[in-house]
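I opened the notebook to look up how charged side chains pair and how strands line up. My entries follow the display.

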Amino acid sequence: MAMGDFFHYEFVQRALLAGVLIAAISSLLGVFLVLRRFSLIGDGLAHVTFGSVAVVVLLGISPAHITLAVLPLVIVSSLAILKLTRSRRMHGDAAIGVVSSFGIAAGILLISLSKGYNVDLLSYLFGNILTVTQAELMFSLAVFVLVAAAIIFFYHDLFAITFDEELAQTMGKKTDIINTVLFILTAVAAVLAMKIAGIMLVSSMLILPPLAAMQLPMGFKKTILVSLLFSILSVICGMFLAFGLNLPVGGTIVIINIVLLLSVLGIQKTFTR
Amino acid sequence: MNAVDVNHLTFSYNNLEAISDITFTLQEGAYLGIAGPNGSGKSTLVKNILGILRPQKGSIALFGTPLSRFHQWEVIGYLPQRIAALDHHFPATVEEIVLMGGVKTSPSKLQEILESLKIAHLRRRLIGELSYGQQQRTMLARALVHWPRLLVFDEPTTALDPETRDIFYSLTRKVNRENHTTIILVTHDTGIIGQYARQLLYLDKKLIFFGTFEEFCRSQDMTGFFGTGSQHLICHQHDGTKEKFI
C-alpha cells in the first residue's frame, strides 16, 4: 500500500486532523509555559493523567469516555501546582514534582486494586492517535478555538505576565485570572496530547516546538507563529513517516520535533559564527 | 494633590516584620529617594505601594484613591531591580517590550521616547542581545511610554557603569521637572541620591527619617544616627550644582 493510501481511511483523516489540532494547542500554550519555566508541567500532568485513568477505570467508566472523564482530576491537579507555586514557599519545579509524584503513586496503587479489569494501560503510556473518536476530534477543535481566542484577546496580558509577573501586576493585569485560565487550558492540552504521544511524551508536545522557535532571532508574536508552524509540520511529517515505515506515531512525531530543534540549533550556530 | 499616602503600614514575611508602622505623604511632582541598608524593607515598601504585596496593617492611597479601589494603573510606571524572565533567549524586541501591556501611543511619540533614551536604532533588536544599560533604558522607555504620573524605580542602576548611571538619573530628574511626574527612587547609594532627589526617606524596617534634604542636613537627630561624616557626605552631594541633563 502506498503511503498516501492510508489517508483515504476516515479514521486516519480524523487522526491527522486531531493531531494537527492537539499539536497546535500544545505549541501555543507551550511558548508561555517554557518562558515561565513551567516546561515540565506537561510531564507532571501526564503522571496525574495516569493516576486519573486508573481512577476512572476503577469507577467503571467506559474506555471510550476516558479522555473526558480524566479532565476534572487533571484540571484540579494543574490548579494545585499553581496554588503551591503561589504560596511562595515552593518553586514551580518542586510543585510539579509534588503533584507528579502523587499522580503516579496513586495510579500504581489503584492499578494494583483493579486487577480484575481488562484495560490496556500501556495504550495510555504510549498513546494511539488512530483511536481518536469523532467526539474527541470535535472536543479538540473546540479547545483549539478556545486557546486561539484566549491568546488573541489576552495577548497583551499574557505577554506581560510571561515577561515579568510583578511588572504585569503594576500594569493592572489580572494575573490570578490569567494564570488560572492558562493552567486549566494546559491541563486540557496535556490530556489531549496523551492521545497522540502517550503519557510518556506529553511534555515533548508542549516543549519542543516552542523551544525550536525560540532558537530563531524573532520577536514574541513571530515566535508563537513559528512554534505553531513547527508543531503542525512535525505532526504531518510524523504521521506520513510512521505509516510509511510502520513506526509508532507518537514516538515518530516527537523524534521529528527533536530533529527540527537540532536543525534550527545547527542553522543558528552556522549563521552566528 | 497627594500622589502617595502611606498610613501606619506594616508588612511581615512569615511573621517576621519587614517594615513596621511606616507613615508618610508624598505630593504630586515630588522626587523622593528611599534609602536604607540591605534588608531594611525598601523593596517591600515599594511593592506594597504598587499593589504587588497587600498591606497587612495600615493603608495606602494613590492619588487620593485607596489601593483596593485604585484601577488607574496606566498612570503608574515601574522599573524593577531585575526582570524575572529576562535572559538571552527571551524572544521579544525592544519595541514589543516598550509597548507591553497593549499601550496605545502614536508612532511619533514612541520614536521621541526611544530617541530621548538613545535606543531608537535598537527597536527591532531582541532584548536579550542588548547590554544591561540598553536593557535598563528599554525598561525605562516602557515605564515612560504611558506618560505616567508616578514613576517608581527599585535600585535601577545596579551594575550600570558610572556614566550610564548619571545619564539615567539625569533623565529621571528631567522627567520629574518637565512633566511634573512624581518619582520614587529606591537605592542603597546614599552618596548619589542627594544629587537628584529633593526628599529623602531613610528606612531600617522602621521610618528613620522622612523630609527634605535640607531638613535632613540640619537634623541633629540624623547627625546622631549617621555620624557627622556620613551625614555630610549625603548633604555634600545635594548641593544642587551638579545638574546634568542628557
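I call a residue buried under 20% relative accessible area, exposed over 50% and partly exposed in between (1.4 Å probe, protein chains only). The model is predicted: local features need pLDDT of at least 70, side-chain atom pairs count only at pLDDT 80 or more, and totals for chains, interfaces and linings use all residues. Residues are numbered from 1 along each chain as its sequence is written, chains are lettered from A and ligands numbered from 1 in the order written, and side-chain values use heavy atoms, without hydrogens and water.

**Salt bridges.** I searched for a side-chain nitrogen of Lys or Arg within 4 Å of a carboxyl oxygen of Asp or Glu. The whole structure gave 10 salt bridges over all chains.

I looked up B:Arg125 and found it partly exposed at 36%. Its side chain meets B:Glu129 in a salt bridge, 3.0 Å from N to O. B:Glu129 is partly exposed too, at 43%.

Next I took A:Glu166 and B:Lys47, whose closest N and O atoms are 3.4 Å apart. A:Glu166 lies in helix H8 of chain A and B:Lys47 in helix H1 of chain B, so the pair joins two chains. Helices here are DSSP runs (H or I, at least four residues), strands likewise (E, at least two), numbered from the N terminus. B:Lys47 is buried at 19%.

**Sheet.** I traced an open sheet of 4 strands in chain B, ordered E2-E1-E4-E5 with antiparallel pairing. Pairing takes at least two DSSP bridges between two strands. E1 and E4 of chain B share 5 bridges. B:Val6 stands opposite B:Ile60.
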